[in-house]
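Please keep the structure in view while reading.

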Amino acid sequence: MVEFDDTFRQHLRELFVWRRDVRRFRSDPLPEGAIERLIETACLSPSVGLSQPWRFVTVDDAARRRAVTDDFKACNADALNCYFGDRAARYATLKLSGLDQAPGHLAVFADKASSIGHGLGRATMPETTEYSVVAAITAMWLSARADGIGIGWVSILSPDRIHAILDVPHSWKFIAYLCIGYPEAECDRPELEQAKWEHRRGADEFTLRR
Ligand SMILES: Cc1cc2c(cc1C)N(C[C@H](O)[C@H](O)[C@H](O)COP(=O)(O)O)c1[nH]c(=O)[nH]c(=O)c1N2
């Protein structure tokens with residue numbers, strides 16, 4: 001049996017505190033096999049019916065990366081137009097992806113058509129397929145941080161465009177585009193909090209008792 005002691009628990013808590021969404025990356029490359037190891041860890045995650053619906057696409061092709069970056073720029077310009085006044089001015093200063101610098105690009109999809117797991121747990125809640133993929137991404141995010149590697153989740157993208165750029169099966173639903181690399185800096189506070197866009201709130205604000 002494996003046991004975890006107080007020191008481990010303290011380190012684990014620190015890992016949660018110091019995991020960040022990273023948008024600023026150093027230019028050094030990732031070690032050989034780093035992304036593959038993160039994917040292996042992600043595959044240990046819980047999934048509805050043990051369906052393992054996550055599908056990963058490593059994006060190395062320069063033209064595809066450029067197309068994803070162009071899509072981000074277009075979607076981000078549209079997003080800016082949804083804000084007004086001070087909020088728009090502040091939005092314009094935010095850095096919301098590290099697509100230009102990150103040595104690793106990884107797209108993550110949920111396979112809605114997979115028969116793995118024989119449908120268990122999905123009949124009344126088909127969205128549990130997507131939830132399972134998000135669980136895997138979270139595991140990868142934390143595991144990367146333990147190796148000193150940062151991940152940035154980019155969702156300011158058009159799913160249809162990403163589908164076409166990456167040429168993946170129709171049954172795959174786009175979940176996340178991840179930028180992966182070594183962070184320029186470490187911090188125990190979210191970048192959006194440092195930029196005074198939003199602040200992290202305590203658990204009490206989100207907990208009901210019945
Ligand atoms: C589903 C989803 C989608 C996105 C994000 C996260 C998640 C969970 N986040 C990162 C998000 O801004 C960040 O997690 C919060 O600001 C909290 O910061 P830390 O992750 O604690 O550093 C994010 N960040 C960003 O710069 N561009 C983006 O498009 C997105 N999209």
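Helices and strands are here DSSP runs, a helix having at least four residues and a strand at least two, and they are numbered from the N terminus. In these terms, Asp167 falls in the loop that links helix 6 (159-166) to strand 4 (172-181). The model is a predicted one.

An unreviewed UniProt entry carries the annotation "domain: Nitroreductase" for residues 18-182.

Strand 1 (54-58) and strand 2 (104-111) run antiparallel and are joined by five bridges. Strand 2 also pairs with strand 4, again in the antiparallel sense, over eight bridges. Phe109 illustrates both pairings: Phe109 of strand 2 is the bridge partner of Arg55, and Phe109 also stands opposite Phe174 in strand 4. Seven of the eight residues of strand 2 are buried, so this strand is largely enclosed by the rest of the structure.

The largest nonpolar core comprises 35 residues, and Val108 and Ile180 are those with the most contacts inside it. At least two residues of this core come from each of helix 2, helix 3 (62-80), strand 2, helix 5 (128-146), strand 3 (150-154), helix 6 and strand 4. Strand 4 is the greatest contributor, with eight residues. Beyond its neighbours within four places in sequence, Ile180 is in contact with Leu30, Ile35, Ala102, Gly104, Leu106, Ala144, Ile149 and Ile151.

Attention now turns to the ligand. Its surroundings consist of Arg20, Asp21, Arg23, Leu96, Ser97, Trp153, Val154, Ser155, Ile156, Pro190 and Leu192. By class, this shell contains six nonpolar, two polar and three charged residues.

Most residues other than glycine have a negative phi. Gln52, although not a glycine, has a positive phi of about 40°, and Asp167, likewise not a glycine, has a positive phi of about 55°. Are these two residues buried or exposed? Gln52 lies in the loop between helix 2 (34-42) and strand 1; this residue counts as buried because 20 other C-beta atoms lie within 10 Å, and the criterion for burial is 20 or more. Asp167, in the loop between helix 6 and strand 4, is exposed, since 8 other C-beta atoms lie within 10 Å, where the limit for exposure is 12 or fewer.

The loop between helix 2 and strand 1 also holds Gly49. With 17 other C-beta atoms within 10 Å, Gly49 is partly exposed. Leaving aside neighbours within four places in sequence, its contacts are Gly117, His118, Gly119, Leu120, Gly121 and Arg122. Arg64, located in helix 3, is partly exposed as well, with 17 other C-beta atoms within 10 Å.

How far apart in space are Gly49 and Ser132? Their C-alpha atoms are 9.8 Å apart, with a sequence separation of 83 residues. For Arg64 and Ser132, which are 68 residues apart along the chain, the C-alpha separation is 27 Å.

Key
Residues numbered from 1 in each chain as written. Predicted model: local features only at pLDDT ≥ 70, side-chain atom pairs only at ≥ 80, totals over all residues. UniProt positions renumbered as here; feature names shortened; annotations may be inferred. Core = buried A, V, L, I, M, F, W, Y, C linked by C-beta atoms within 7 Å. Contact = placed C-beta atoms within 7 Å. Pairing = 2+ DSSP bridges. Near = placed C-beta within 6 Å. Nonpolar A, V, L, I, M, F, W, Y, C, P; charged D, E, K, R; others polar.
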